[in-house]
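Welcome! Keep the picture beside you as you read.

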Amino acid sequence: MSICQHNGAVRDVTPSARGCQECLEIDSPWVHLRICRTCGHVGCCDQSPHRHATAHYHKTGHPIMEGYDPPEGWGWCYVDEIEVDLPDQTPQWGPMPRYY
């Protein structure tokens with residue numbers, strides 16, 4: 001069984017937007033949201049057309065994101081490629097627009 005060594009990067013964060021930050025800027029749909037547990041960037045999942053959460057990881061190296069649409073109670077470590085337990089869930093920042 002793999003163990004994630006990046007739990008120290010998990011912080012309480014403030015969401016960067018009420019939906020995928022980049023998709024909102026370009027008026028693009030998304031499927032599900034993810035929030036970076038290092039800085040609070042909200043991006044879209046890999047099933048979404050632009051995969052902004054993964055792009056955020058590649059740009060910043062921030063290793064752990066949380067399922068955020070709605071808060072799902074699980075995290076993903078991009079470095080170790082495993083699901084991780086999170087100490088808490090990031091509350092949503094008001095109502096989220098829906099794009100499917």
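Two residues are in contact here when they have heavy atoms within 4.5 Å of each other. With that in mind, Glu22 touches His41, Val42 and His52, once its neighbours within four places in sequence are set aside. Please remember that this is a predicted model.

- You can find Glu22 in helix α1, which covers residues 21-26.
- Is Glu22 buried, exposed or partly exposed? Its relative accessibility is 24%, so Glu22 counts as partly exposed.
- Lys59 comes 37 residues away from Glu22 in sequence, and the two are 14 Å apart in space, C-alpha to C-alpha.

**The sheet**

- Follow the strands across the sheet and you meet β2-β1-β3-β4-β5: five strands in an open sheet with antiparallel pairing.
- Which strands sit at the edges? They are β2 (42-44) and β5, and each of them pairs on one side only.
- On average, neighbouring strands of this sheet are turned by 40 degrees against each other, with direction ignored.
- Helix α2 packs on the sheet, where it touches β1 and β2. The direction of α2 makes about 120 degrees with that of β2.
- For a look at one pairing, take strand β1 (residues 33-36) and strand β3 (residues 64-68), which are joined in the antiparallel sense over three bridges.
- Cys36 has Met65 of β3 as its bridge partner.

**An aromatic pair**

- How many aromatic pairs are there? The count comes to one aromatic pair.
- Its members are Tyr57 and Tyr78, which are stacked, with 4.8 Å from centre to centre and 10 degrees between the planes.
- This pair links distant parts of the chain, 21 residues apart: Tyr57 belongs to helix α2 (residues 52-60), while Tyr78 is in the loop between β4 (71-77) and β5 (82-85).
- Both Tyr57 and Tyr78 are buried.

**Salt bridges**

- How many salt bridges does a search of the whole structure find? It finds four.
- One of them joins the side chains of Arg37 and Asp12, at 3.8 Å from N to O. Here Arg37 sits in the loop between β1 and β2, and Asp12 in the segment before α1, 25 residues apart.
- Like Arg37, Glu66 is buried.
- Step back and you can see a network of salt bridges linking Asp12, Arg37, Glu66 and Asp88.
- Another salt bridge brings together the side chains of Arg34 and Glu72, at 4.0 Å from N to O. Because Arg34 lies in strand β1 and Glu72 in strand β4, the pair ties together parts that are 38 residues apart in sequence.
- Arg34 counts as buried at 11% relative accessibility, while Glu72 is partly exposed, with a relative accessible area of 32%.

**Trp74 and its contacts**

- Trp74 is a residue of strand β4.
- Which residues does Trp74 touch, leaving aside its neighbours within four places in sequence? They are Arg34, Met65, Glu66, Gly67, Glu83, Val84 and Leu86.
- The side chain of Trp74 also makes a polar contact with the side chain of Glu72, at 2.5 Å.
- Cys45 is 29 residues from Trp74 in sequence, and the pair is 14 Å apart in space, C-alpha to C-alpha.

**Two residues with positive phi**

- Most residues other than glycine have a negative phi.
- Asp27 has a positive phi, near 55 degrees. Asp27 lies in the loop between α1 and β1, and at 63% relative accessibility Asp27 counts as exposed.
- Glu81 has a positive phi too, near 55 degrees. The loop between β4 and β5 is the place of Glu81, and Glu81 is exposed, with a relative accessible area of 59%.

How values were computed:
Residues are numbered from 1 along each chain as its sequence is written. This is a predicted model: local features need pLDDT of at least 70, side-chain atom pairs count only at pLDDT 80 or more; totals for chains, interfaces and linings use all residues. Side-chain values use heavy atoms; hydrogens and water are left out. Helices (H or I, at least four residues) and strands (E, at least two) are DSSP runs, numbered from the N terminus. Buried means under 20% relative accessible area, exposed over 50%, partly exposed in between (1.4 Å probe, protein chains only). Rings of Phe, Tyr and Trp (its six-membered ring) pair if their centres lie within 6.5 Å; planes under 30 degrees apart count as stacked, over 60 as edge-to-face and the rest as tilted. Two strands pair if DSSP finds at least two bridges between them. Axes are lines fitted to C-alpha atoms, for helices over the stretch in contact, and angles run from 0 to 180 degrees between N-to-C directions. A polar contact is a pair of N or O atoms within 3.5 Å; within protein, one must be able to donate a hydrogen and the other to accept it, and residues adjacent in sequence count only if both atoms are side-chain atoms.
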